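User: Can you walk me through this structure? Keep it simple, please.
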Amino acid sequence: MKPWARTAWSWFKRVAPWALAALVLTLVVRQARTVDWPAVWQALQQMPPGRLAAAAGLALLSHGLYASFDLIGRRLTGHRLSTLRTLGTAAISYAFNLNAGSLVGGFALRLRLYTRWGLSASTVAQIIAHSMATNWLGYLLVGGAVLLWAPPRLSAGWALPDPALRAIGLAMVLAALAYPVLCRFVRPRRLTWRGQSLKLASGPLAVWQLVAGGASWLLIGATVWSLFGGRIDYPTVLGALLLAALAGVLTHVPAGLGVLEAVFVATLGTRLPLVEVLATVLAYRAVYYLLPLALALPAYALSEAAARRHRPGSTRVPTQR
């Protein structure tokens, strides 16, 4: 690549996400002005408590499954931090990740918590890499399956023909399935990039990453679907969720604020009244974003206190018994 092209590409990578975020937020603000928010609040208050409780249970189960992704990194790096401490660190970080963005929760907070318990920065980086791989492998598998069998219906200006969506879905599924094949047959089982080395999972563990990552997205979809009370079929809700998750990543908006709502309105607004769709999404935010954060905040404070009591300068960490 020529120097001028390299410079242009570098600037494009820096500016494009912010431009996309500005465009999306502008559209969100315009849409928000047309919403009858008192009616949305009334619909939210009328949601059955049992439905909210079921969604909260599914949300906490999903958070627990996501936290278990760090156990894959624990196995592959061989660090001696206990299973319980690993799960706790991952769960706290995930709750902050959802609400404050990946740089805060997914990276900075995880690095702080793990290094306070004696792990090196390079080990933490590998744990994060394996967790992210598990999550996005699951996204590729589930998202590809949705596009193959139940592609989401967008408004006329944004819709793609079904053959194109199914082709994208097939490519996603094949990309996900290629990972365990790579792990099974590539030798040495290690990736090296810019001087950094990452150990690959064994074939069976790679399959488990696919299963766990896919199950995580299915549980998140079930959380939202349960809040709709069966008024919209599960594959449609799951497709809307996956599209909203991708839009949130591309726009870099913390917690996908406004983006999540806009995507659900665009995909499900023809199935239910706008007020009910927005009330359901707000309920989802409460049980999947805010409830775990409310639990993570005191857990983080306790973790910091426990780390301060840990002997200064010691590399000894609690081991699993």
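This is a predicted model: local features need pLDDT of at least 70, side-chain atom pairs count only at pLDDT 80 or more; totals for chains, interfaces and linings use all residues.

User: Okay. How many helices and strands are there in the protein?
Analyst: The protein has 12 helices and two strands. Along the sequence, the pattern reads α-α-α-α-α-α-α-α-β-β-α-α-α-α.

User: How much of the protein is buried?
Analyst: Of the 321 residues, 44% are buried.

User: And what share of the contacts links residues 24 or more positions apart?
Analyst: Take the contacts with a separation of 6 or more. Of these, 72% join residues 24 or more positions apart.

User: Let's look at helix packing. What do I need to describe a pair?
Analyst: Two things: the angle between the two axes and the distance between them.

User: What span should α3 have for its 19 residues?
Analyst: At 1.5 Å a residue, α3 should span 27 Å. Its end C-alpha atoms are 27 Å apart, which agrees.

User: Next, α4. Which residues are buried there?
Analyst: Phe-69, Asp-70, Ile-72, Gly-73, Arg-74 and Leu-76 are buried in α4. Just after α4 comes Gly-78, with a positive phi of about 75°.

User: Switching to Ile-92. Where does it lie?
Analyst: Ile-92 lies in helix α5. Its relative accessibility is 7%, so Ile-92 counts as buried.

User: What does Ile-92 touch?
Analyst: Leaving out residues up to four places away in sequence, Ile-92 touches Leu-109, Leu-113, Ala-296, Ala-299 and Tyr-300.

User: How far is Ile-92 from Ala-67?
Analyst: Their C-alpha atoms are separated by 8.6 Å. Along the chain, Ile-92 and Ala-67 are 25 residues apart.

User: Back to α12. Why does Arg-285 count as buried?
Analyst: Arg-285 is in helix α12. It has 8% relative accessibility, and buried means under 20%, so Arg-285 counts as buried.

User: What does Arg-285 touch?
Analyst: Setting aside residues up to four places away in sequence, Arg-285 touches Ala-255, Gly-256, Leu-257, Gly-258, Leu-260, Glu-261 and Leu-290.

User: And how do α11 and α12 cross?
Analyst: Helix α11 runs over residues 259–268. The axes of α11 and α12 come within 10 Å and cross at roughly 140°. That makes α11 oblique to α12. The crossing is right-handed.

User: Which residues of α11 take part?
Analyst: Leu-260, Glu-261, Phe-264, Val-265 and Leu-268 do. Their partners in α12 include Leu-274, Val-277, Tyr-284, Arg-285 and Tyr-289. This contact divides into 11 nonpolar residues, no polar and two charged.

Note on methods
Residues are numbered from 1 along each chain as its sequence is written. Side-chain values use heavy atoms; hydrogens and water are left out. Helices (H or I, at least four residues) and strands (E, at least two) are DSSP runs, numbered from the N terminus. The expected span of a helix is 1.5 Å times one less than its number of residues. Buried means under 20% relative accessible area, exposed over 50%, partly exposed in between (1.4 Å probe, protein chains only). Contact means heavy atoms within 4.5 Å. Axes are lines fitted to C-alpha atoms, for helices over the stretch in contact, and angles run from 0 to 180 degrees between N-to-C directions. Angles under 35 degrees count as roughly parallel, over 145 as roughly antiparallel, 65 to 115 as roughly perpendicular and the rest as oblique. A crossing is left-handed if the near helix is turned anticlockwise from the far one by less than a right angle, and right-handed if clockwise. Ala, Val, Leu, Ile, Met, Phe, Trp, Tyr, Cys and Pro count as nonpolar, Asp, Glu, Lys and Arg as charged, and the others, Gly among them, as polar.
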